Structures are given as C-alpha cells and as structure tokens.
Amino acid sequence: MAKASLLPLSLLAHAVVLAACFFPPLCCTARSRTENISAIEVTVRARASELLHDAANTSRLVDVPLPANLSAGAGGGGVRAWALRVRSNKLWADGVNATGFAIPPRVVPAPFARRLTVVFERFAVGNSSAFFAAPRRYALAAPVAGLLAYDASAGPGARVSLRAFGAPVRVEFKDDLSTDRGFNAAAARCVTFAASGEVMATHAVAAPGSACAVTGTGHFGIAVRLPETPPPPADPAVRARWWAWTMGVGAGGVLGASVLALSVAGAVSWSRRRRREEMELRALAGEELGRMTVRGSRMPSAKVVRTRPELEEHSPAW
C-alpha cells in the first residue's frame with residue numbers, strides 16, 4: 001500500500017523537475033525584470049524624497065544622483081532621473097515641462113493628493129532592452145522613459161496616477177532617437193510597458209513624429225519595425241526536383257482517384273446483382289413456379305387457371 005502511494009508522488013516529482021528544466025527561463029526572466037525595475041524605482045524614489053525634503057526645492061526640477069551601478073556616467077549606460085515637488089492646484093493650472101516630458105494643464109492626481117512628487121526617468125538604449133521587451137518584430141529606437149508620481153504627504157511609497165482632462169501628457173524622444181535603425185515615423189509605434197517590462201499597449205506616434213501621447217503614469221518607449229530579410233533564391237536543381245515530385249504526386253493522385261472510382265462502380269454493380277439474385281432465390285423458395293423463355297431470357301411463370309363459371313339458380317337464360 002505504501003509503495004502504491006509513493007508511485008504517484010515520484011511521478012509528480014519527475015514532472016516538476018521536467019517543468020523546471022524546460023520553463024524557467026521565461027518565467028525567471030519576467031520575474032528578474034520585475035524585480036530589477038522595482039529596485040530601480042525604490043532607489044529613485046528614496047533619493048528623490050531625500051532631495052525634496054527641503055521646502056526650498058518645491059516646484060524646481062532637480063537631478064537625482066543614483067548609485068554607480070545605476071547612474072548614466074561617461075560611458076553612456078545606465079539610468080538618469082529627475083524629480084520635482086508640485087502642488088496639485090499648480091499642476092492643474094500650469095502643468096509641468098521637464099526634460100522630454102510635457103504635462104499640460106488640467107491634470108489631477110488620482111487618487112487626489114495636495115502635494116505631489118513627480119519623478120522622470122530615462123533608461124539608456126542598452127539598459128532599455130535589458131529591462132523592457134520590445135514588441136515582436138520591433139526594436140527599441142530610443143531610451144525608455146519613466147513618468148512616476150507619488151503623494152508627498154503620505155510618504156515615498158504612496159504612488160498615484162495622473163488623469164488628464166485636457167490635452168494628454170507627451171513624452172518626447174526627438175533627441176534620443178537611434179539613427180542606425182532608420183527611424184520611420186509612419187512605421188514606428190509608441191509602447192506602454194507593464195511593471196514586468198512586457199508590452200502592455202501600443203499606439204501610433206504623435207505628430208511631429210517623435211513624441212508619444214500617454215495616459216497615466218508608467219514606462220513608455222518608441223519602437224521601429226525590423227526589416228524583413230528576403231528568402232534566399234531557390235536552387236534550380238531543387239526547383240527541378242520539386243517540380244518532378246509535384247508532377248509525380250499529381251499523376252499518382254489522378255491514378256488513385258480513377259482506381260477508386262472504378263472500384264466503387266464495380267462494388268455497386270456487384271451489390272445490385274447480388275441483391276437481385278437473392279430476391280429470385282427468396283421468390284423460388286416461397287412458391288414453386290414454372291419457367292418460360294421470353295426473348296432468350298428464362299423467367300418464372302405460373303399456370304393460371306380461371307374459375308369455371310357456374311350458373312346460379314333462377315338465373316335468366318340467355
């Protein structure tokens with residue numbers, strides 16, 4: 001009994017091991033991306049909260065210094081961040097213009113907060129592809145931009161969204177577009193990323209062709225379609241073999257269809273002849289009939305004798 005109960009457990013353990021061997025790369029990649037993006041947001045939020053703790057920095061955009069492993073130094077790789085603290089009534093009346101970001105007037109935080117800490121992020125192109133996945137058959141053509149907002153009165157972890165009642169928020173990528181990918185505004189797409197770095201939504205690029213109109217907060221990017229590689233030219237010998245094989249298959253199909261049609265016709269004819277013979281045998285078994293020849297064919301016949309007429313009594317004599 002114990003051995004029987006251990007057998008399903010061993011099979012389950014083997015299945016789990018096989019699943020761990022085949023499926024972990026995708027799930028672990030998404031998990032690592034989520035953890036890395038979350039760690040960067042926590043670091044940027046903590047540094048911005050420390051810088052904006054002084055009331056003198058209110059409504060003034062400040063550069064947020066990051067650790068060496070995150071900051072964009074002379075090498076050009078990493079993350080850059082800016083932050084400012086603004087009152088919601090001033091945000092509604094004037095909006096905010098920052099490095100590559102334009103928050104128009106008539107924007108309110110949701111849920112409502114009196115004072116906001118707005119954080120702007122720029123990921124380098126190399127780091128963008130490491131943290132964020134481009135759409136299928138597309139490649140990121142500019143650093144991914146992050147727009148985050150927090151309730152300054154509730155602490156650095158109280159994140160809020162931005163709801164626009166007028167013009168949408170614009171993210172500009174003009175100065176960061178990669179020219180080696182042959183940027184084409186008609187074929188480019190604005191991308192909104194989820195917290196895991198995966199693509200959540202895409203839409204067309206806004207005029208003049210290097211900006212994205214976004215809603216809410218999050219991470220945004222711009223992607224271009226990768227050129228499709230033409231198929232290699234076909235080898236003449238391969239093409240000749242393919243033609244011969246196609247003709248052989250076609251001829252074989254026609255021959256097979258003809259044989260099948262003849263077989264079906266023969267089977268139907270044999271079935272009808274068999275049924276007629278069975279009917280004749282049943283008729284002969286029920287009543288013994290005679291045979292007569294009609295135009296060279298033998299047919300069953302019966303001797304019919306009519307009942308002789310008899311005169312009834314009191315019948316008139318004719």
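Q: In which sense do strand 10 and strand 13 pair, and over how many bridges?
A: Keeping in mind that this is a predicted model, strand 10, which covers residues 169-172, pairs with strand 13 in the antiparallel sense, and the pairing runs over four bridges.

Q: And what stands opposite R170 in strand 13?
A: That is A213, which lies in strand 13 and stands opposite R170.

Q: What's the strand order in the sheet?
A: The order is 3-4-10-13, in an open sheet of four strands with antiparallel pairing. At the edges are strand 3, residues 96-98, and strand 13, residues 211-214, each of which pairs on one side only.

Q: How much are neighbouring strands turned against each other?
A: On average, neighbouring strands of this sheet are turned by 10° against each other, if direction is ignored.

Q: Switching topic, how much space lies in the second largest pocket?
A: The second largest pocket holds about 160 Å³ of space. It is lined by 15 residues, and the closest to its centre are E41, R159, A194, A195 and H219.

Q: Which element gives the largest share of that lining?
A: Helix 2 does, with four residues. Helix 2 spans 24-51, and together with strand 11 (189-193) and strand 14 (218-225) it belongs to the elements that each supply at least two residues of the lining.

Q: What about the classes, how many are nonpolar, polar and charged?
A: The lining of the second largest pocket has six nonpolar residues, seven polar ones and two charged ones.

Methods:
Residues numbered from 1 in each chain as written. Predicted model: local features only at pLDDT ≥ 70, side-chain atom pairs only at ≥ 80, totals over all residues. Heavy atoms only, no water. Pairing = 2+ DSSP bridges. Axes fitted to C-alpha atoms, helices over the stretch in contact; angles between N-to-C directions. 1 Å grid on protein atoms, 1.4 Å probe; cavity = no way out; pocket = protein on both sides within 12 Å on 5 of 7 lines; lining within 4 Å. Points joined across faces, edges and corners; volume = space filled by probe spheres on them. Nonpolar A, V, L, I, M, F, W, Y, C, P; charged D, E, K, R; others polar.
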